[in-house]
Amino acid sequence: MNLILLGAPGAGKGTQATGLSAILKIPHISTGEIFRDNIRRNTELGKLADTYISKGELVPDEVTVQIVKDRIEQADCENGFILDGFPRTIAQAEMLEEILNASGRKIDRVVNIVIDDEVVINRLSKRIVCPVCGETYHLEFNPAEDNICKKCGAQLVHREDDKPDVIRNRIAAYHKKTEPLVEFYRHKGNLMNVRSENSIEESLQNTLYALGLKGI
Ligand code: AMP
């Protein structure tokens with residue numbers, strides 16, 4: 001199954017994608033994580049991406065699409081993939097469609113994770129992440145003892161772009177550039193809305209239900 005997870009920053013796309021990837025046994029592809037990995041390794045792509053990410057702006061479409069194209073052409077994506085944080089603009093969605101068409105593939109389902117801005121601001125400002133394995137925690141709702149990652153033991157940090165003024169820009173970019181994708185995919189008939197204010201487990205169950213996979 002080829003899946004897209006749509007939704008505002010902090011809607012829980014990454015957490016849901018991790019759960020779905022384990023259940024469906026298909027790779028989780030997060031463009032944000034690919035950029036952060038490149039920033040950590042100080043590659044040319046990382047240096048370029050950081051100039052946008054640090055301000056809460058989107059990385060240019062051509063750069064982002066090329067990364068996704070290279071990734072979904074890898075062998076482990078043959079049986080499907082979960083895109084988290086991509087596409088984020090109509091142009092990216094159109095380019096993705098062309099890439100998939102060229103290899104006789106298509107997007108099967110688009111899960112739109114619906115959430116209010118106030119909840120997003122609370123989640124992101126109290127989010128802490130593992131800089132090594134990418135695991136995500138929340139200071140109140142999903143804390144880790146002594147801020148040490150339960151998975152790999154690294155010291156957890158606040159993401160640089162989870163600062164209040166950057167969060168505001170990211171939410172603004174979402175409404176302006178990404179939200180139109182909800183209509184885009186609704187029009188194509190493969191969109192489903194899932195609310196995500198509840199616990200991680202409940203939100204994942206809602207998504208599985210919407211995908212017709214409850215009970216797997
Ligand atoms: P995320 O981890 O999905 O919240 O992404 C973090 C940041 O990476 C975003 O705020 C953007 O600056 C950048 N980014 C991630 N995915 C994309 C994309 N599809 N298009 C443009 N920029 C992106």
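In this predicted model, the largest nonpolar core holds 22 residues. Leu3, Leu5, Leu20, Ile82, Val111, Val120 and Leu211 touch the most other members. Several elements each supply at least two residues of this core: strand S1 (2-7), H1, strand S4 (109-114), helix H6 (117-125), H7, strand S7 (191-195) and helix H9 (200-210). H7 gives the most, with three residues. Nonpolar side chains tend to be buried together in soluble globular proteins.

A separate core of 21 residues lies apart from the largest one. Its members include Ile72, Leu83, Phe184 and Leu191.

The ligand is surrounded by 16 residues. The closest are Thr31, Arg36, Glu57, Gly85 and Gln92. By class, this shell has five nonpolar, five polar and six charged residues. Helix H2 (residues 31-40) gives the most to the shell, with four residues.

A side-chain N or O atom of Arg36 is 2.9 Å from a ligand oxygen atom. For Gln92, a polar side-chain atom lies 2.9 Å from a ligand nitrogen atom. Arg159 places a side-chain N or O atom 3.2 Å from an oxygen atom of the ligand. Taken alone, the ligand exposes 480 Å², and the protein buries 96% of that area.

Most residues other than glycine have a negative phi, and most peptide bonds are trans. A cis peptide bond joins Phe86 and Pro87, with omega of about -5°. Pro87 is found in the loop between strand S3 (81-84) and helix H5 (90-102).

Two non-glycine residues have a positive phi. Lys25 has a phi of about 55°. For Asn147, phi is near 55°. Asn147 lies in the loop between strand S6 (136-138) and helix H7 (164-178). With a relative accessible area of 29%, Asn147 is partly exposed.

Note on methods: Residues are numbered from 1 along each chain as its sequence is written. This is a predicted model: local features need pLDDT of at least 70, side-chain atom pairs count only at pLDDT 80 or more; totals for chains, interfaces and linings use all residues. Side-chain values use heavy atoms; hydrogens and water are left out. Buried means under 20% relative accessible area, exposed over 50%, partly exposed in between (1.4 Å probe, protein chains only). A residue is near a molecule or strand if one of its heavy atoms lies within 4 Å of it. A polar contact is a pair of N or O atoms within 3.5 Å; within protein, one must be able to donate a hydrogen and the other to accept it, and residues adjacent in sequence count only if both atoms are side-chain atoms. Accessible areas come from the Shrake-Rupley method with a 1.4 Å probe; for residues, only the protein chains shown count as cover. Ala, Val, Leu, Ile, Met, Phe, Trp, Tyr, Cys and Pro count as nonpolar, Asp, Glu, Lys and Arg as charged, and the others, Gly among them, as polar. A nonpolar core is a set of buried Ala, Val, Leu, Ile, Met, Phe, Trp, Tyr and Cys residues joined through side-chain atoms within 4.5 Å.
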